[in-house]
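Please read it alongside the sequence and coordinates.

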Amino acid sequence: MTLSELEAELNVQFPEKLHKIYGSGVVLNGFELLPAEQIPEHIAYMEQWFFDFLEKEHGFIRRKDIRLIPFAQISSVDLYCLLYEENLPEPKVVFWWHDEYMPVLIGRDFDEFLYDVMICAAYNEEDIHGEDWKKYYQFLSEEYQKKLDSIPEEDLPYAEEDTVRTAVNIWEHWKEILS
């Protein structure tokens, strides 16, 4: 299954740069792109664990105006997802740790997500002169290339505070969890 076929099946439009990254084979910051044919399985997993479990066990009620579609993972259950919201032209990118109740915003759009990935790669001491870094850099918009270029190389690992990291409320209602 291709990403285009998956888009048709799910009735969504993925960011164009996601298509390009899928075709490039580039890996940065340790995350693994999910094969297109496995994405429906991950959506089903999210429905079962993240949504059904949290709704049944904790009284959470998911917002009806959102849709989460995973596209990459770090471990077998920690997922990068596209967050589609009604009335927004482009999806946001969130990261959902399997043991958290709310995903974390990584990018208000896919370009900002790519910038975040590069900053995190520098923070994790990946080779900022290596081929994967150079390939990934080409995916950045001109705005984020300039932003990245403006950071002195020795400061790149500490630029993470310049990235977006906030919880995203995907719930209409949740009961307070008592410990």
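**Notes on the predicted model**

1. Beyond its neighbours within four places in sequence, Phe113 is in contact (heavy atoms within 4.5 Å) with Phe31, Phe71, Tyr80, Val93, Ile106 and Gly107. This is a predicted model, in which local features need pLDDT of at least 70 and side-chain atom pairs count only at pLDDT 80 or more, while totals for chains, interfaces and linings use all residues. Residues are numbered from 1 along each chain as its sequence is written, and side-chain values use heavy atoms, with hydrogens and water left out.

2. Phe113 is also among the residues with the most contacts inside the largest nonpolar core, together with Phe14, Leu68, Phe71 and Phe110. That core has 59 residues; a nonpolar core is a set of buried Ala, Val, Leu, Ile, Met, Phe, Trp, Tyr and Cys residues joined through side-chain atoms within 4.5 Å. Helix α4 (residues 110-123) supplies the largest share, nine residues. Helices (H or I, at least four residues) and strands (E, at least two) are DSSP runs, numbered from the N terminus.

3. Val104 is found in strand β6 (residues 104-107). Val104 counts as buried because its relative accessibility is 16%; buried means under 20% relative accessible area, exposed over 50%, and partly exposed in between (1.4 Å probe, protein chains only). Leaving aside neighbours within four places in sequence, the contacts of Val104 include Val93, Phe95, Trp97 and Thr166.

4. Glu161 lies in the loop between α6 (142-149) and β7 (166-167). Glu161 counts as exposed, at 75% relative accessibility.
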